[in-house]
Amino acid sequence: MSKMTKGQRIIISGLLVAISFILDKTIGYEMVTIIVMIASTIVAGTPIFMKAIGALKYRIVGIDALVTIAVIGALFIGEYWEGTAVTFLFMFGDYLESRTIEKTRSSIKALFDLAPDTTRVRRNGTEVEISPAEVLKGDQVVVKPGEKISVDGTIIEGSAYINQAAITGESIPVSRGVEETVFSGTIIESGYLVIRADKVGDDTTFARILQMVEEAQDKKAKTQKFLEKFSRYYTPAIIVLAVLFYLFTKDVVLALTLLVIACPGALVISAPVSIVAGIGNGAKHGVLVKGGEIMEKLGTIKVIAFDKTGTLTIGKPAVKHIKTYDIAENELLRLAAIGELYSEHPLAKAIINEATQKLGALKEVPEEAELITGQGLSFKFGGKTYWIGNRKLFEANGINIENQEEYLRSEENKGQTAVIVGDRERVLGIISIADSVREDAKKLISDLKSLGIQKVVMLTGDNQRAAKAISDELGLDDYYAELLPEDKVRVLGELQEKHGKTAMVGDGVNDAPALASADLGIAIGGAGTDVAMETADVVLMSAEVKKLTYAIGLSRATVRNMKQNIYFALFVAALLLAGVLVKTVNLSFGMLIHELSVLLVIINAVRLIGYEEKGSF
């Protein structure tokens, strides 16, 4: 009988319950009826009894123990039908619970299903199919349309549109080409790639996400820990109460009924089932929340501090404005791009990118180019000498820039770097360059305030002017500039002391100390950033900073759902207890209501899987 599956037990005990019910209504409480009822009780009750014994070995008195005591008591006093009904309902409820709980993990299971089964690599001049676990670092992995990428790596051949939903939560495919990076678990929708494997097996971003999601489910919320501690004392207390009840009333049936209806099943499961559903929803949408306690805490944050570069801004300098003096704007841009062609400076790349976008690929190269440290560079083109750089460069070469000084200061006050372009006689123009604010950053700040976040600030190592410009543009409450990593930790401490729970949002590299010291560390655009994934409590896998409002909304919905479950479970327990005391609830009916309450708690939690930010959850 111990080898019988749960499904087989339900079918057999269900048939026996039906037969005993028919016999009871036709021939009454005869021996054959009693035998069938006892057989049903044994079939359904054996796993309950075994669990109770197993738990007692570890000094745990759980729900199974309460049901076992009640059923044995019912059989002892001749209430065979009550024993039959209670064991069947408890086992059937347990089966339905396990099936329903699987739905709360459906988002997480969907992630695991995205793991590739096989992969194709080039070895010894031929393509061979192997298990992803067998791929070695440096292997050339070949991926065709419709196939899953099995490694983190760099594209060395081909181009493709890739669905990165498994990593970022975004279903819109992105274009990737040679020298760009790709992640395991993503799918090629069109195109063809040969990828150099940089990270393989358990080191890949996708494998780490799966591992962290699994670990997150085991990290319990404070509410969950409290309920588990509560049930540890509550269950033995109920047994003592039932004994005292019997001693005072001499009513065995009433005492046994109290044992059954007092089972804290719905209460114990109310918190973990909501947390698992919430974490699953977040994982599906590219929001990795590392545990129940983090999920609870996320919705209670009072202050959010943002790093600037790579978080509120894109992290790549771009041309913002071009001012010219007696020369066409495109001609100035072309000259500057030619001069910067061999430079590796980020400002040079910004100028070249702007010229390429506006004018197409550059076909000309400088005749000579010389880097002048701390000032800029000089180059020759078309037989003429040009300079590109700062004030010092032009002052050193005797070129008057007094007429441009007011404009230079105005651009610098906006937080922009002004690059001067000129020849031997005069200034030809000024190219203003700055890091670009993320498109969704301004709306994010507005949305955070509408969610009730009291203070939104920025912490940056950049200069005061650049910080003020970004702060004014985004409508931040405050900013702190020219900070070293240890300064960010200090400022966070001051914010925590003054305003309460404070979250730090950063890229997880230079912000690691701040992410660790905040009440909550949130890494944005963390795909592939090991430090972000390790240090932060929440990782927003997409580069879209607006995912933060989704994360906070999900946290609040999860906590709200958890509270609904707890209040409902307490209400049902109180209602049943009142019913027992006035003798309107019997043993089998009490178990039926108990199991239904557990199922309703789980079904309520399942709603979190469908949570959407703009929904009316």
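Trainee: How many residues does the largest nonpolar core have, and which have the most contacts inside it?
Mentor: Please keep in mind that this is a predicted model. The largest nonpolar core has 54 residues, and those with the most contacts inside it are Ile 304, Phe 306, Leu 448 and Leu 548.

Trainee: Which helix gives the most to this core?
Mentor: That is helix 22, residues 547-581, which gives nine residues.

Trainee: Which residues is Leu 548 in contact with, leaving aside its neighbours within four places in sequence?
Mentor: Leu 548 is in contact with Ile 304, Phe 306, Leu 444, Leu 448, Val 505, Ile 522 and Leu 540. As general background, nonpolar side chains tend to be buried together in soluble globular proteins.

Trainee: And what does the second, separate core include?
Mentor: The second core has 25 residues, among them Leu 254, Val 572, Val 585 and Leu 587.

Trainee: Let us change topic. How many salt bridges does the structure hold?
Mentor: There are 22 salt bridges in the structure. In general, side chains of opposite charge can pair when their charged atoms come close.

Trainee: Which side chain does Glu 127 meet in a salt bridge?
Mentor: Glu 127 meets Arg 120, with an N to O distance of 4.0 Å.

Trainee: Is Arg 120 buried or exposed?
Mentor: Arg 120 has a relative accessible area of 12% and is therefore buried, since buried means under 20%. Glu 127, at 38%, is partly exposed.

Trainee: Where in the chain are Lys 358 and Glu 329?
Mentor: Their side chains meet in a salt bridge at 3.3 Å, N to O. This pair links distant parts of the chain, with Lys 358 in helix 14 (residues 346-359) and Glu 329 in helix 13 (residues 329-339), 29 residues apart. Lys 358 is partly exposed at 44% relative accessibility, and Glu 329 is partly exposed at 36%.

Trainee: What about Arg 334 and Glu 364?
Mentor: Those side chains also form a salt bridge, at 2.8 Å, N to O. Arg 334 lies in helix 13 and Glu 364 in the loop between helix 14 and strand 11, so the pair ties together parts that are 30 residues apart in sequence. Arg 334 is partly exposed, at 22%, as is Glu 364, at 34%.

Trainee: Which residues are linked in a network of salt bridges?
Mentor: Arg 391, Glu 405, Arg 409, Glu 412 and Arg 465 are linked in that way.

Technical notes
Residues numbered from 1 in each chain as written. Predicted model: local features only at pLDDT ≥ 70, side-chain atom pairs only at ≥ 80, totals over all residues. Heavy atoms only, no water. Buried < 20%, exposed > 50% of the residue type's maximum accessible area, 1.4 Å probe, protein only. Helix = DSSP H or I, 4+ residues; strand = E, 2+ residues; numbered from the N terminus. Core = buried A, V, L, I, M, F, W, Y, C linked by side-chain atoms within 4.5 Å. Contact = heavy atoms within 4.5 Å.
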